[in-house]
Amino acid sequence: MIRYSFLLFFLSALGYGQSQEINRNYIDSVISIAKKEKDLTAKKDIVDGLWLKIIKLPPNTSLQHFYYIDSANAGRKDILVFSYFHAAPILVNNGQIAASKTLRYKGLAMAEALNIPEARHDFYHSLSSFYINTSIADSATYYANEAEKVVQQYPDKLNSLLWQVYHRKGDIQFLLGDKEKQSFWYEKAWAELLKYPKHRARG
């Protein structure tokens with residue numbers, strides 16, 4: 001806990017939590033910290049924080065940062081697995097639909113190779129979202145079910161993600177035009193979310 005608090009302090013001093021120009025030097029400085037971090041949760045938090053800044057940039061600028069991160073960290077699955085989750089929607093925003101799908105599958109393979117349950121859930125969830133947006137309901141359902149299986153395998157760690165699965169299943173029913181089932185799943189999602197009063201999704 002002390003080490004993690006020091007890490008947050010160091011990142012703050014670097015400008016991590018403040019307004020900061022996002023350039024290659026800044027990206028390298030943040031990722032170098034992530035590479036040294038052995039705890040996967042802390043590593044994920046660092047990489048996620050970087051991407052939360054990148055995704056606010058214009059689509060093409062975000063895309064160029066992704067290309068740089070991808071090439072500069074080739075072979076570092078522990079960095080790229082968290083980066084790909086954020087980068088896949090950026091590819092969509094730049095009209096690269098097929099590349100976005102490929103990146104999601106690549107990220108899922110990395111999550112499985114590294115045995116990171118939360119990342120596996122995230123990529124299953126991301127693939128389900130992709131297939132909803134491309135109107136392929138059977139594939140969307142398959143990956144939503146896979147995401148749910150991961151949560152069920154690790155309830156102590158991942159149960160707070162179950163509402164996302166239910167919400168995704170509601171989205172699928174919307175795609176299929178079944179309003180009754182859509183409402184059922186959205187209500188289930190909300191009931192699940194109510195179990196976590198401090199969850200950021202509750203607003």
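Me: What does Gln164 touch, not counting residues up to four places away in sequence?
Reply: With those left out, Gln164 touches His121 and His125. Contact here means heavy atoms within 4.5 Å. Bear in mind that this is a predicted model: local features need pLDDT of at least 70, side-chain atom pairs count only at pLDDT 80 or more, and totals for chains, interfaces and linings use all residues. Residues are numbered from 1 along each chain as its sequence is written, and side-chain values use heavy atoms, with hydrogens and water left out.

Me: OK. Is Gln164 buried or exposed?
Reply: Gln164 counts as buried, because its relative accessibility is 19%. The cut-offs are under 20% relative accessible area for buried, over 50% for exposed, and partly exposed in between (1.4 Å probe, protein chains only).

Me: And which helix does Gln164 lie in?
Reply: Helix 10. Helices are DSSP runs of H or I with at least four residues, strands are E runs of at least two, and both are numbered from the N terminus.

Me: Which residues of helix 7 meet helix 10?
Reply: From helix 7 you get His121, His125, Ser128, Ser129 and Ile132. Across from them, helix 10 brings Gln164, Val165, Arg168, Asp171, Ile172 and Leu175. That contact splits into four nonpolar, five polar and two charged residues. Ala, Val, Leu, Ile, Met, Phe, Trp, Tyr, Cys and Pro count as nonpolar, Asp, Glu, Lys and Arg as charged, and the others, Gly among them, as polar.

Me: At what angle do helix 7 and helix 10 cross?
Reply: Roughly 15°, with the axes of helix 7 (residues 117–133) and helix 10 (residues 162–176) coming within 10 Å. Axes are lines fitted to C-alpha atoms, for helices over the stretch in contact, and angles run from 0 to 180 degrees between N-to-C directions. Helix 7 and helix 10 are therefore roughly parallel to each other. Under 35 degrees counts as roughly parallel, over 145 as roughly antiparallel, 65 to 115 as roughly perpendicular, and the rest as oblique. The crossing of this pair is left-handed, which is to say that the near helix is turned anticlockwise from the far one by less than a right angle (clockwise would be right-handed).

Me: Let's zoom out. How many helices and strands does the protein chain have?
Reply: There are 11 helices and zero strands. Of the 203 residues in the chain, 45% are buried. Taking contacts between residues at least 6 apart in sequence, 57% join residues at least 24 apart.

Me: Which residues have the most contacts inside the largest nonpolar core?
Reply: Leu50, Trp51, Phe66, Ile69 and Val81, in a core of 51 residues. Helix 5 (residues 77–93) gives the most to this core, with nine residues. A nonpolar core is a set of buried Ala, Val, Leu, Ile, Met, Phe, Trp, Tyr and Cys residues joined through side-chain atoms within 4.5 Å.

Me: What is Trp51 in contact with, leaving aside neighbours within four places in sequence?
Reply: Trp51 is in contact with Phe66, Ile69, Ser83, His86, Ala87 and Ile90.

Me: Back to helix 5. How do helix 5 and helix 6 pack, at what angle?
Reply: At about 160°, with the axes of helix 5 and helix 6 (residues 97–114) 8 Å apart. That makes helix 5 roughly antiparallel to helix 6. Their crossing is left-handed. By class, the contact has 15 nonpolar, two polar and four charged residues.

Me: And helix 5 with helix 7, how far apart are the axes?
Reply: They are 11 Å apart, at an angle of about 25°. Helix 5 and helix 7 are therefore roughly parallel. Val81, Tyr84 and Phe85 of helix 5 make the contact with Ala119, Asp122, Phe123 and Ser126 of helix 7. That gives five nonpolar, one polar and one charged residues.

Me: Last topic, backbone. What is phi of Asn115?
Reply: Near 55°, a positive value in a residue other than glycine. Most residues other than glycine have a negative phi. Asn115 lies in the loop between helix 6 and helix 7. Ser135 also has a positive phi, near 60°, and is found in the loop between helix 7 and helix 8 (137–153).

Me: Is Ser135 buried or exposed?
Reply: Ser135 is exposed, because its relative accessible area is 51%.
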